[in-house]
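Please have the structure open as you read.

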Amino acid sequence: MTNCELLAAADVQLMQGLAQRVTATRPDLVNSDASFGELAWNWGKGHASDGASWPCRLWFSGGDVVAWGWAQLPRQVRRRDGSVHNVTGAYLAYQVHPDSAELVDEVIDWYDGTAGDVERTVIPSAADEFALKRWAAHGYETDPASLGAAGSWTQLNERDLIDVEQPVLPAGFRFRTADEAGPQAAVQAHRDAWARSTYTAEAYEGVRQTTAYRGDLHILVEAPDGTMASSTIMWLDEANNTAEFEPVGTHPRYRRLGLGRAMLLHGMHRARAAGATHVTVACLGAPGHPQARGL
(Lines give C-alpha, C1' and ligand atoms only; values in the text may rest on other atoms or scores of the structure.)
Protein backbone atom coordinates (compact mmCIF):
# COMPACT_ATOMS: atom_id res chain seq x y z
CA MET A 1 0.00 0.00 0.00
CA THR A 2 1.31 3.45 -0.89
CA ASN A 3 -0.09 6.75 0.32
CA CYS A 4 0.39 9.01 -2.69
CA GLU A 5 -0.90 12.03 -0.73
CA LEU A 6 -2.11 14.30 -3.54
CA LEU A 7 -3.01 12.76 -6.90
CA ALA A 8 -0.31 13.27 -9.53
CA ALA A 9 -0.04 12.49 -13.25
CA ALA A 10 2.09 9.38 -12.64
CA ASP A 11 -0.55 8.03 -10.25
CA VAL A 12 -3.25 8.52 -12.87
CA GLN A 13 -1.30 6.38 -15.33
CA LEU A 14 -1.07 3.58 -12.77
CA MET A 15 -4.80 3.90 -12.10
CA GLN A 16 -5.50 3.75 -15.83
CA GLY A 17 -3.48 0.53 -15.96
CA LEU A 18 -5.85 -1.01 -13.42
CA ALA A 19 -8.83 0.27 -15.43
CA GLN A 20 -7.45 -1.48 -18.51
CA ARG A 21 -7.00 -4.77 -16.67
CA VAL A 22 -10.50 -4.65 -15.20
CA THR A 23 -11.92 -3.72 -18.61
CA ALA A 24 -10.27 -6.78 -20.11
CA THR A 25 -11.80 -9.21 -17.61
CA ARG A 26 -14.82 -7.63 -15.90
CA PRO A 27 -15.96 -4.57 -17.88
CA ASP A 28 -19.24 -4.56 -15.92
CA LEU A 29 -17.24 -3.46 -12.86
CA VAL A 30 -15.78 -0.35 -14.52
CA ASN A 31 -17.87 2.50 -13.15
CA SER A 32 -17.96 5.96 -14.68
CA ASP A 33 -15.35 7.31 -12.24
CA ALA A 34 -12.78 4.65 -13.02
CA SER A 35 -12.70 4.22 -16.79
CA PHE A 36 -9.52 4.79 -18.80
CA GLY A 37 -10.77 8.02 -20.36
CA GLU A 38 -12.68 9.40 -17.39
CA LEU A 39 -9.56 9.27 -15.22
CA ALA A 40 -7.57 11.29 -17.75
CA TRP A 41 -10.38 13.78 -18.31
CA ASN A 42 -11.18 14.40 -14.64
CA TRP A 43 -7.57 14.72 -13.55
CA GLY A 44 -6.51 16.78 -16.55
CA LYS A 45 -9.23 19.41 -16.33
CA GLY A 46 -9.20 19.82 -12.57
CA HIS A 47 -5.79 19.18 -11.06
CA ALA A 48 -4.53 22.75 -11.43
CA SER A 49 -7.52 24.26 -9.64
CA ASP A 50 -8.66 21.48 -7.29
CA GLY A 51 -5.65 19.18 -6.92
CA ALA A 52 -4.83 20.47 -3.43
CA SER A 53 -8.05 18.81 -2.19
CA TRP A 54 -7.42 15.45 -3.93
CA PRO A 55 -5.71 12.96 -1.58
CA CYS A 56 -5.33 9.44 -2.91
CA ARG A 57 -4.02 6.03 -1.93
CA LEU A 58 -2.81 3.16 -4.10
CA TRP A 59 -2.65 -0.54 -3.15
CA PHE A 60 -0.07 -2.70 -4.94
CA SER A 61 0.47 -6.42 -5.53
CA GLY A 62 3.51 -7.66 -7.41
CA GLY A 63 4.24 -4.21 -8.77
CA ASP A 64 0.74 -3.64 -10.14
CA VAL A 65 -1.91 -1.36 -8.69
CA VAL A 66 -4.83 -3.55 -7.58
CA ALA A 67 -6.89 -0.87 -5.82
CA TRP A 68 -7.00 2.87 -5.43
CA GLY A 69 -9.04 5.54 -3.71
CA TRP A 70 -9.27 9.17 -4.81
CA ALA A 71 -11.02 11.47 -2.35
CA GLN A 72 -12.35 14.88 -3.33
CA LEU A 73 -12.58 16.89 -0.13
CA PRO A 74 -14.47 20.09 0.81
CA ARG A 75 -13.25 23.05 -1.21
CA GLN A 76 -14.28 26.27 -2.90
CA VAL A 77 -15.12 26.26 -6.61
CA ARG A 78 -14.91 29.57 -8.44
CA ARG A 79 -17.45 29.83 -11.25
CA ARG A 80 -17.03 31.70 -14.51
CA ASP A 81 -19.21 34.59 -13.29
CA GLY A 82 -16.85 35.15 -10.36
CA SER A 83 -19.12 33.61 -7.74
CA VAL A 84 -17.78 30.99 -5.34
CA HIS A 85 -19.48 27.69 -4.57
CA ASN A 86 -18.59 25.96 -1.31
CA VAL A 87 -18.40 22.16 -1.59
CA THR A 88 -19.02 21.00 1.97
CA GLY A 89 -18.99 17.22 1.54
CA ALA A 90 -16.48 14.62 0.38
CA TYR A 91 -16.73 12.30 -2.61
CA LEU A 92 -14.78 9.12 -3.35
CA ALA A 93 -13.81 7.67 -6.72
CA TYR A 94 -12.24 4.25 -6.40
CA GLN A 95 -11.53 0.94 -8.10
CA VAL A 96 -10.62 -2.52 -6.79
CA HIS A 97 -9.52 -5.41 -8.99
CA PRO A 98 -12.04 -8.29 -8.60
CA ASP A 99 -9.20 -10.65 -7.61
CA SER A 100 -8.47 -8.34 -4.66
CA ALA A 101 -12.06 -7.59 -3.71
CA GLU A 102 -11.30 -7.82 0.01
CA LEU A 103 -9.39 -4.54 -0.26
CA VAL A 104 -12.63 -2.61 -0.54
CA ASP A 105 -12.79 -2.58 3.27
CA GLU A 106 -9.37 -0.92 3.42
CA VAL A 107 -10.46 1.62 0.81
CA ILE A 108 -13.55 2.45 2.88
CA ASP A 109 -11.52 2.77 6.09
CA TRP A 110 -9.02 5.04 4.34
CA TYR A 111 -11.82 7.21 2.95
CA ASP A 112 -13.53 7.54 6.30
CA GLY A 113 -10.25 8.49 7.98
CA THR A 114 -9.29 10.93 5.25
CA ALA A 115 -12.63 12.70 4.87
CA GLY A 116 -13.27 13.00 8.59
CA ASP A 117 -16.47 14.40 10.02
CA VAL A 118 -18.21 15.60 6.83
CA GLU A 119 -20.92 14.09 4.69
CA ARG A 120 -19.32 11.38 2.59
CA THR A 121 -20.65 10.02 -0.71
CA VAL A 122 -19.59 7.36 -3.19
CA ILE A 123 -21.17 5.76 -6.27
CA PRO A 124 -20.19 2.06 -6.52
CA SER A 125 -20.96 0.00 -9.58
CA ALA A 126 -24.41 -1.61 -9.43
CA ALA A 127 -22.80 -4.84 -10.71
CA ASP A 128 -20.37 -5.05 -7.79
CA GLU A 129 -22.55 -6.92 -5.31
CA PHE A 130 -19.66 -7.62 -2.92
CA ALA A 131 -18.70 -3.95 -2.69
CA LEU A 132 -22.29 -2.86 -2.22
CA LYS A 133 -22.57 -5.17 0.78
CA ARG A 134 -19.31 -3.89 2.25
CA TRP A 135 -20.36 -0.24 1.90
CA ALA A 136 -23.63 -1.09 3.66
CA ALA A 137 -21.71 -2.89 6.41
CA HIS A 138 -19.73 0.29 7.02
CA GLY A 139 -22.94 2.27 7.51
CA TYR A 140 -23.40 3.77 4.04
CA GLU A 141 -27.00 4.08 2.88
CA THR A 142 -28.55 4.58 -0.53
CA ASP A 143 -29.80 8.10 -1.19
CA PRO A 144 -33.41 7.64 -2.40
CA ALA A 145 -33.25 10.76 -4.56
CA SER A 146 -30.33 9.31 -6.50
CA LEU A 147 -32.54 6.51 -7.78
CA GLY A 148 -35.44 8.78 -8.73
CA ALA A 149 -36.44 10.07 -12.15
CA ALA A 150 -33.84 12.85 -11.97
CA GLY A 151 -31.10 10.76 -10.34
CA SER A 152 -27.46 11.35 -11.24
CA TRP A 153 -26.41 7.73 -11.84
CA THR A 154 -24.85 6.84 -15.16
CA GLN A 155 -25.35 4.01 -17.60
CA LEU A 156 -22.67 2.60 -19.88
CA ASN A 157 -23.49 2.39 -23.59
CA GLU A 158 -21.29 0.34 -25.90
CA ARG A 159 -21.11 -1.00 -29.43
CA ASP A 160 -18.67 -2.61 -31.84
CA LEU A 161 -17.27 -0.94 -34.92
CA ILE A 162 -18.00 -3.64 -37.48
CA ASP A 163 -20.71 -1.74 -39.34
CA VAL A 164 -20.72 2.02 -38.78
CA GLU A 165 -22.94 4.17 -40.98
CA GLN A 166 -21.64 7.35 -42.52
CA PRO A 167 -22.38 10.57 -40.59
CA VAL A 168 -24.55 13.22 -42.17
CA LEU A 169 -24.30 16.87 -41.14
CA PRO A 170 -26.71 19.67 -42.05
CA ALA A 171 -25.65 21.88 -44.95
CA GLY A 172 -22.84 24.27 -44.05
CA PHE A 173 -21.59 22.34 -41.00
CA ARG A 174 -18.25 20.53 -41.00
CA PHE A 175 -16.13 18.35 -38.77
CA ARG A 176 -12.92 19.70 -37.25
CA THR A 177 -10.32 18.38 -34.83
CA ALA A 178 -8.91 20.29 -31.89
CA ASP A 179 -5.52 20.17 -33.62
CA GLU A 180 -7.10 22.10 -36.52
CA ALA A 181 -9.39 24.43 -34.58
CA GLY A 182 -6.96 25.33 -31.79
CA PRO A 183 -7.19 25.53 -27.98
CA GLN A 184 -9.42 28.60 -27.75
CA ALA A 185 -12.10 27.02 -29.96
CA ALA A 186 -11.90 23.72 -28.09
CA VAL A 187 -12.37 25.42 -24.72
CA GLN A 188 -15.22 27.60 -25.92
CA ALA A 189 -17.04 24.63 -27.45
CA HIS A 190 -17.04 22.86 -24.10
CA ARG A 191 -18.09 25.95 -22.15
CA ASP A 192 -20.96 26.63 -24.54
CA ALA A 193 -22.26 23.07 -24.22
CA TRP A 194 -21.91 22.88 -20.43
CA ALA A 195 -23.23 26.14 -19.00
CA ARG A 196 -22.15 25.39 -15.42
CA SER A 197 -18.68 24.19 -16.35
CA THR A 198 -15.64 25.89 -14.83
CA TYR A 199 -13.52 24.79 -17.79
CA THR A 200 -10.68 27.16 -18.64
CA ALA A 201 -7.69 27.36 -20.95
CA GLU A 202 -5.57 26.17 -18.02
CA ALA A 203 -7.87 23.19 -17.54
CA TYR A 204 -7.64 22.28 -21.22
CA GLU A 205 -3.86 22.51 -21.06
CA GLY A 206 -4.00 19.97 -18.22
CA VAL A 207 -6.12 17.66 -20.39
CA ARG A 208 -3.66 18.02 -23.26
CA GLN A 209 -0.79 17.05 -20.99
CA THR A 210 -2.30 13.68 -20.06
CA THR A 211 -0.59 10.83 -21.88
CA ALA A 212 -3.89 9.51 -23.26
CA TYR A 213 -4.97 12.74 -24.99
CA ARG A 214 -4.84 12.99 -28.78
CA GLY A 215 -5.81 16.18 -30.54
CA ASP A 216 -6.76 14.24 -33.68
CA LEU A 217 -9.34 12.32 -31.60
CA HIS A 218 -10.82 15.51 -30.14
CA ILE A 219 -13.70 16.18 -32.52
CA LEU A 220 -15.70 19.36 -33.06
CA VAL A 221 -18.54 20.35 -35.36
CA GLU A 222 -18.24 23.85 -36.81
CA ALA A 223 -21.42 25.75 -37.70
CA PRO A 224 -21.65 27.95 -40.82
CA ASP A 225 -21.03 31.06 -38.71
CA GLY A 226 -17.81 29.62 -37.26
CA THR A 227 -19.25 28.60 -33.88
CA MET A 228 -18.03 25.25 -32.59
CA ALA A 229 -21.48 23.77 -32.11
CA SER A 230 -20.56 20.31 -30.74
CA SER A 231 -17.48 18.67 -29.31
CA THR A 232 -16.24 15.41 -27.88
CA ILE A 233 -12.94 13.84 -26.85
CA MET A 234 -12.17 10.20 -27.61
CA TRP A 235 -9.79 8.31 -25.34
CA LEU A 236 -8.11 5.37 -27.08
CA ASP A 237 -7.33 2.38 -24.85
CA GLU A 238 -4.87 0.52 -27.04
CA ALA A 239 -4.57 -2.41 -24.64
CA ASN A 240 -8.24 -3.26 -25.17
CA ASN A 241 -8.71 -1.79 -28.65
CA THR A 242 -11.54 0.37 -27.39
CA ALA A 243 -12.28 4.09 -27.41
CA GLU A 244 -14.34 6.11 -24.96
CA PHE A 245 -16.24 9.32 -25.67
CA GLU A 246 -15.91 11.75 -22.73
CA PRO A 247 -17.25 14.41 -22.65
CA VAL A 248 -19.93 14.89 -25.35
CA GLY A 249 -21.79 18.18 -25.63
CA THR A 250 -23.68 20.50 -28.00
CA HIS A 251 -24.29 24.25 -27.85
CA PRO A 252 -27.93 24.89 -26.79
CA ARG A 253 -28.60 26.90 -29.94
CA TYR A 254 -27.67 23.94 -32.15
CA ARG A 255 -29.39 21.06 -30.40
CA ARG A 256 -31.98 18.79 -32.08
CA LEU A 257 -30.19 19.08 -35.43
CA GLY A 258 -28.51 15.67 -35.32
CA LEU A 259 -25.05 17.10 -34.66
CA GLY A 260 -24.31 14.88 -31.67
CA ARG A 261 -25.25 11.71 -33.51
CA ALA A 262 -23.24 12.67 -36.58
CA MET A 263 -20.25 13.62 -34.44
CA LEU A 264 -20.28 10.28 -32.63
CA LEU A 265 -20.50 8.37 -35.92
CA HIS A 266 -17.63 10.43 -37.33
CA GLY A 267 -15.66 9.74 -34.18
CA MET A 268 -16.29 6.01 -34.52
CA HIS A 269 -14.75 6.04 -37.99
CA ARG A 270 -11.70 7.89 -36.68
CA ALA A 271 -11.44 5.53 -33.72
CA ARG A 272 -11.60 2.52 -36.00
CA ALA A 273 -8.86 4.00 -38.18
CA ALA A 274 -6.77 4.39 -35.00
CA GLY A 275 -7.17 0.70 -34.17
CA ALA A 276 -10.31 0.54 -32.00
CA THR A 277 -12.84 -2.25 -32.49
CA HIS A 278 -15.24 -1.15 -29.74
CA VAL A 279 -16.49 2.15 -28.34
CA THR A 280 -18.22 3.26 -25.14
CA VAL A 281 -19.94 6.35 -23.83
CA ALA A 282 -21.59 6.94 -20.46
CA CYS A 283 -24.69 9.06 -20.00
CA LEU A 284 -27.10 10.02 -17.25
CA GLY A 285 -29.29 6.95 -17.01
CA ALA A 286 -32.36 8.09 -15.09
CA PRO A 287 -35.56 8.58 -17.13
CA GLY A 288 -35.56 12.27 -16.27
CA HIS A 289 -32.64 12.74 -18.68
CA PRO A 290 -34.22 11.64 -22.00
CA GLN A 291 -31.90 13.70 -24.20
CA ALA A 292 -28.79 12.00 -22.85
CA ARG A 293 -30.37 8.54 -23.00
CA GLY A 294 -31.72 9.14 -26.50
CA LEU A 295 -28.38 10.20 -27.92
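The lining of the largest cavity divides into 3 nonpolar, 3 polar and 1 charged residues; here Ala, Val, Leu, Ile, Met, Phe, Trp, Tyr, Cys and Pro count as nonpolar, Asp, Glu, Lys and Arg as charged, and the others, Gly among them, as polar. Bear in mind that this is a predicted model, in which local features need pLDDT of at least 70 and side-chain atom pairs count only at pLDDT 80 or more, while totals for chains, interfaces and linings use all residues. Residues are numbered from 1 along each chain as its sequence is written, and side-chain values use heavy atoms, with hydrogens and water left out.

**Cavities**

- A search of the whole structure turns up 2 cavities of 30 Å³ or more. A cavity is a set of points on a 1 Å grid over the protein atoms alone where a 1.4 Å probe fits but cannot get out, and lining residues have an atom within 4 Å of a point.
- The largest cavity has a volume of about 80 Å³, a volume being the space filled by probe spheres set on the points, which are joined across faces, edges and corners.
- Leu29, Asn31, Tyr94, Gln95, Val96, Ser125 and Asp128 line the largest cavity.
- The second largest cavity holds about 40 Å³ of space, and its lining is made of Trp41, Ala186, His190, Tyr199, His218, Ser231, Thr232, Ile233 and Pro247.
- H6 and E11 are the elements that give two or more residues to the lining of the second largest cavity; helices (H or I, at least four residues) and strands (E, at least two) are DSSP runs, numbered from the N terminus.
- E11 gives the most to that lining, with 3 residues, and by class the lining has 5 nonpolar, 4 polar and no charged residues.

**The second largest pocket**

- This pocket has a volume of about 1500 Å³; a pocket is an open set of points with protein on both sides within 12 Å along at least five of seven lines.
- Its lining counts 46 residues, of which Val122, Ile123, Pro124, Ser125 and Ala126 lie nearest the centre.
- The largest share of the pocket lining, 4 residues, comes from E8.
- By class, the pocket lining has 20 nonpolar, 17 polar and 9 charged residues.

**Helix packing**

- H6 (residues 183–193) and H7 (residues 201–209) pack at about 110 degrees with their axes 10 Å apart, which makes H6 roughly perpendicular to H7. Axes are lines fitted to C-alpha atoms, for helices over the stretch in contact, and angles run from 0 to 180 degrees between N-to-C directions.
- Angles under 35 degrees count as roughly parallel, over 145 as roughly antiparallel, 65 to 115 as roughly perpendicular and the rest as oblique.
- Pro183, Ala186 and Val187 of H6 meet Ala201, Tyr204 and Arg208 of H7, where contact means heavy atoms within 4.5 Å.
- H2 (residues 36–50) packs against H7 at about 140 degrees, with the axes 7 Å apart, and that makes H2 oblique to H7.
- On the H2 side, Trp41, Gly44, Lys45, His47 and Ala48 make the contact, and on the H7 side Glu202, Ala203, Gly206 and Val207.

**Backbone details**

- Glu246 and Pro247 are joined by a cis peptide bond, with omega about 0 degrees, and Pro247 is found in strand E12.
- Asn241, in the loop between E11 and E12, has phi near 50 degrees, a positive value in a residue other than glycine.
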